[in-house]
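Subject: The structure we talked about

Hi there,

Here is the structure I promised to pass along. Please have it open while you read, and my notes follow below.

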Amino acid sequence: MSEVMKQPAVVGAPEINLKSASLSSYLPAAIAFAGAGALTFLRWKVGPEHFSSDGALMMLALAAYLIAAVFYLMNLYAPSPLFEKIGLGSATIGVMMNLASWLTRWVAYREHDVAIWIQQGKPQAEWPWLFRNIPFSNLYDLSLAFAFGAGATTLLIAHRKNFRFLGAVSLPLAALVLTLARFIGDDILGLQPVLDSYWRPIHVGIASLSYGIALVCFASAVVFLLKDGVKTEAMAVWSSIFAIAVIATIGGPLGSFPVITTGTYSVLTFLPPRAPLPLRADLPYVGWILIAAALLLAGVVALFYMYLFKGDERAKRLGHHVLKAALVAQALAIVVLVWQVKTIKQVAVCEGARPAETACIGTDKFYGFWKEMALREGGNPAQVAAVPHEDAEKRAAQYVSQNQGEMFLSLNANPVELAALITAFAGTLFAIIFSFNPEKLRAALPDKEKIDSLMYKTGGITFAGLALLLMTGAVWANESWGHYWQWDSKETGAFVAFLTYGGFLHIRISRGWTGRSSAYFAIIAFLLIVFTYLGVSYLLPGMHSYA
Amino acid sequence: MSAIEETKPQVAVPKAPTASAAPSVVTRALNLLSSVRFGVTLLVMLAIACMIGMLIVQQNVEGFDKYFADLTPAQKFLYGKLGFFDIYHAWYFDLILLVLSLNIVLASIDRFPSAWTYIRKKKLDASAHWLRGQEQSASLRFEHAASRDAVVERVSAAFAGNRFKAKVTEKNGKTFVFGERGTWNRLGAYAVHVALLTIFSGAFLTAEFGHTGSMGLEPGQTSSEMTETVFDVDQVSQATYQLPFKIECTDIEQKLIRKEGAITSDNTLDWLTRISITDPEIKVKDPKTGQTKALVTEALVHLNAPYDYRGYRLFQASFIANGNARSITLRVTPQQGGQSQDITIPRNGKTRLADGTLVEYKDFSANFTVGGNNPDAEEGTYTNPAATLSVTPPGATPQKAFAFTPEMAERAPFAKQPVAGYTWRLVDFEKAPKAHVLSIQKDPGSAIVYIGFTLLGLTLGAVFFFSHDRIWALIEEKEGAFDVVLGGNTNRNHLGFGDRFKKLVVAIGGEPFEVKKA
């Protein structure tokens, strides 16, 4: 005989809700992955003529990420199940389109290669393996995967309902990465022979996913600081300093500060089909609008400094007005810049007044242009330096007069500068958004411990991912170049980021350095990742010039 | 506490009364060297040094001469004095690495005993107060349980069902069930540090005892020396390194994407170098003659596929992009009239015609002009291809002949002239560069580095994807019912642990429970 024990009474137990841990909570991620697979299959079956290009899918992903972020933000300020559902749905569509864009690119690469093979009359047995075409050949491909890594991580984390808000910060950042990709350009180019290795998808795949998770760690750190009571004015000061630094450094060679010193902003020119020249053409109005934005941002820094360190409430109120004006100025500069690059018809050396629809090349840029071209063509630096300025300028003038009819402008000319300007704009925008009723925002966020735990988790996975990235890169380098470590700028950049995440993890066990210090480390570590991802590729010499 | 552990709010611990005697200098130095804070500082210093190395072009990087020429004299002086042009080999960089290694060792020794107690001296019981203070806790009451054993059995079963290894103990009339999982995770961080030290050791061996050089090879060429490049700021010099064996190049091949395109890297799938290694230090017996001779090994080196031989690694590094041909196909037409025939000859090869005329393929010019190659021709292109032949009719002396393409022969009258009784036309050829460059590496440290990588990969997984979860259940009989107080903690993934804890609580009380009456 037996007796049945009744359900026990639970006294003082935490709220038991297993819904968040169930498999169905991963449904949005599953839908995104399956949908992307289905779209890719469709693209493969119907061909490029009857399907959206990878670029169009990428733009859809970008739009979906932004819509999701807007609704997640609205849900923080005015909680509504509808807003949350739209946010989650848009994030799902964004991840689906982002992954589909990357996968259809794989199909496009394959078709590109196969067309050559057919034209060369090579039998199918001699066609290269499928993984040769995996889209990890350049910075555009990596950017798509990076944004996907961030979007997918956000979506996976969203299986916990109380972490869905994170999309409000991480998805705009993923959208920024896609914006950068748009400026880089989606040309399908041939694969460099050294990249034809099975290590490429492993190494670059780990890189893009690690970067994506690092982005979410960064977003968690920003939210942690917000929750921890860091004043939004302090955040505005940092975002303004970043924006001023961007404005000061763009528009010319590093260290020349052309916008600040001359009031002009210039963009690199192209020769057909798409050969960039080390010669910039001035865009009218942009420089002065940027200077106005920089001055307003400097005002923000000064006013918020007075509030933060002297408690001046009037300065605080004024600072917020100036911050909004700076946002408008930054937006105007970006719009005028993009509009002119799109509409200007010719590039020319201007004598006297600037003709309509023309970007002018200043003769003061001729010497630098000639020197750069001479070095590009293998000239000896000492001999190039010994050529008199007048001779060099004459040769440059001759080259320009011969080619100026063909020169054109493109948004693909300065992807880092454009992306930096938009990132600075986004920083200012977020500073304004966070300043809007910050107490309500803080109350809507989960506990600090939970955010901290998420930051630790994503930081730890990023650390492990970067370690794997360095290891797989070293093994591949040892197979290809004969050295597993060469202190190449890209590998050193990844190593520095790895060290910083190592510091982030260790700092947490050192008394007195926990909490905010840990969040600051996570932010710095992510900025180092961005530098490795972009800065090293565009600014520093090295063996990773393709990515 | 392990070295990499998630932060939890720390309880303020009152300071122990300080001893009157100040610690010695050695103790203070050891305390500093084993502190995590000092370790983080070293990590930051190392990161800063690396950043300097990234931002200031290093002397072994392509383009350094241009960068150096653009610097001001003051920059050259300052950077040079601080060792910034070769920072990764500067004494202070080595010192940071050394001290960091020492810090890892000492910090690990310092903290290992406390981590070891989680394995050797497990905490099996706890007070209700302590349990309620844990990061996860719950209190359950069983009104109708038959006996304490039934409750213990139920709790133990729930522990086991959630993959917690349970241990039941009794103390002061109370029953405790202690369950844990992932105990070894406490040691994961130490294993990661061992892996890092292994990698550092391998890297040290590579830096101190490794050699890396290059060897340019044309088909038919033999060499036993590799060239090492030595940098001294903007001065570059070459040093030779003697290999214990000879390498003969037997063939080079460039697999092109478009056959009609140039031999540039963007039109290439792969470069293949076939070599023959003759090793005088290893003798083998010739099965035909019975005599001993040096071991000869045939090998293929191509992109991303190095060849290992006696501790040396041979890599396909680069190529000399002057156009050449791996093989040529000639259309040979008798001067007296008759049927033309096509013959294919490999580079440095030869063949005989039906009448016994010996045809040797001597050289190839991609951009032939009278008096030498066209200096204005773009590298890797084939504007005016021509093959140089040596033709020896039976019983006659060798004669030099040029084989031009039919189009070129139409344009140049001298190209139509017969040689040794035949006209020679170049109808096809397989493009190949003049020479390939192999990179040769002797690296005594790479195997150790690879062991470190393997260990690091495994241990990072163990550290970051698992955690040490501990849960205690205190079972007490009160007023005819049984109270169960549950409490638990973990060293990482607190969110996941929260889910697991809730699942366990549900498992303890969620299902009908049958107790057999005695």
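What share of the contacts in chain B with a separation of 6 or more comes from residues 24 or more positions apart? The figure is 66%. Please keep in mind that this is a predicted model.

**Chain B as a whole**

Chain B has 11 helices and 21 strands. Its radius of gyration is 38 Å, well over the 24 Å that the globule rule gives for 518 residues, so chain B is more spread out than a compact globule. Taken along the principal axes, the C-alpha atoms of chain B fill a box of roughly 125 × 65 × 55 Å. Of the 518 residues in this chain, 33% count as buried.

Helix H5 of chain B runs over residues 91–120. With 30 residues, H5(B) reaches 43 Å from its first C-alpha to its last, close to the 44 Å expected at 1.5 Å a residue. H5(B) does bend, by about 40° at B:Phe112, and a proline, B:Pro113, follows within four residues. The buried residues in H5(B) are B:Leu100, B:Asn103, B:Ile104, B:Ala107, B:Ala115 and B:Tyr118. They pack against three helices of chain B, namely H1 (25–33), H2 (36–55) and H8 (188–209).

H2(B) has 20 residues and spans 28 Å from its first C-alpha to its last, close to the 28 Å expected at 1.5 Å a residue. Its buried residues include B:Gly39, B:Leu42, B:Leu46, B:Cys50 and B:Met54. What covers the buried residues of H2(B) includes H5 of chain B together with a helix from the other chain letter, H17 (489–507) of chain A.

**Two asparagines in loops**

Most residues other than glycine have a negative phi. Against that background, have a look at two asparagines of chain B. B:Asn304 has a phi near 65°, a positive value, and is found in the loop between strand E8 (292–302) and strand E9 (307–309). With 19 other C-beta atoms within 10 Å, B:Asn304 is partly exposed; the cut-off for buried is 20 or more. For B:Asn348, phi is also near 65°, and the residue lies in the loop between strand E11 (341–346) and strand E12 (350–352). B:Asn348 counts as partly exposed too, with 15 C-beta neighbours inside 10 Å.

**The nonpolar cores**

Which residues touch the most other members of the largest nonpolar core? Of its 198 residues, they are A:Ala174, A:Val177, A:Leu215, A:Ala293, A:Ala467, A:Phe498 and A:Ala522. Helix H6 of chain A (residues 199–227) gives the most to this core, with 18 residues. Leaving aside neighbours within four places in sequence, A:Leu215 is in contact with A:Ala150, A:Ser170, A:Leu173, A:Ala174 and A:Phe526. There is also a second, separate core of 38 residues, which includes B:Met226, B:Val301, B:Trp424 and B:Phe429.

A:Phe51 is partly exposed, with 18 other C-beta atoms within 10 Å. Beyond its neighbours within four places in sequence, A:Phe51 is in contact with A:Leu42, A:Arg43 and A:Val46. The C-alpha atoms of A:Phe51 and A:Leu39, 12 residues apart along the chain, are separated by 9.3 Å.

Key
Residues are numbered from 1 along each chain as its sequence is written. Chains are lettered from A and ligands numbered from 1 in the order in which they are written. This is a predicted model: local features need pLDDT of at least 70, side-chain atom pairs count only at pLDDT 80 or more; totals for chains, interfaces and linings use all residues. The expected span of a helix is 1.5 Å times one less than its number of residues. The bend at a residue is the angle between axes fitted to the seven residues ending there and the seven starting there. A residue is buried if 20 or more other C-beta atoms lie within 10 Å of its own, exposed if 12 or fewer, and partly exposed in between; C-beta atoms are placed from the backbone. Two residues are in contact if their C-beta atoms, placed from the backbone, lie within 7 Å. The radius of gyration is taken over C-alpha atoms; the globule rule is 2.2 Å times the number of residues to the power 0.38. A nonpolar core is a set of buried Ala, Val, Leu, Ile, Met, Phe, Trp, Tyr and Cys residues joined through C-beta atoms within 7 Å.
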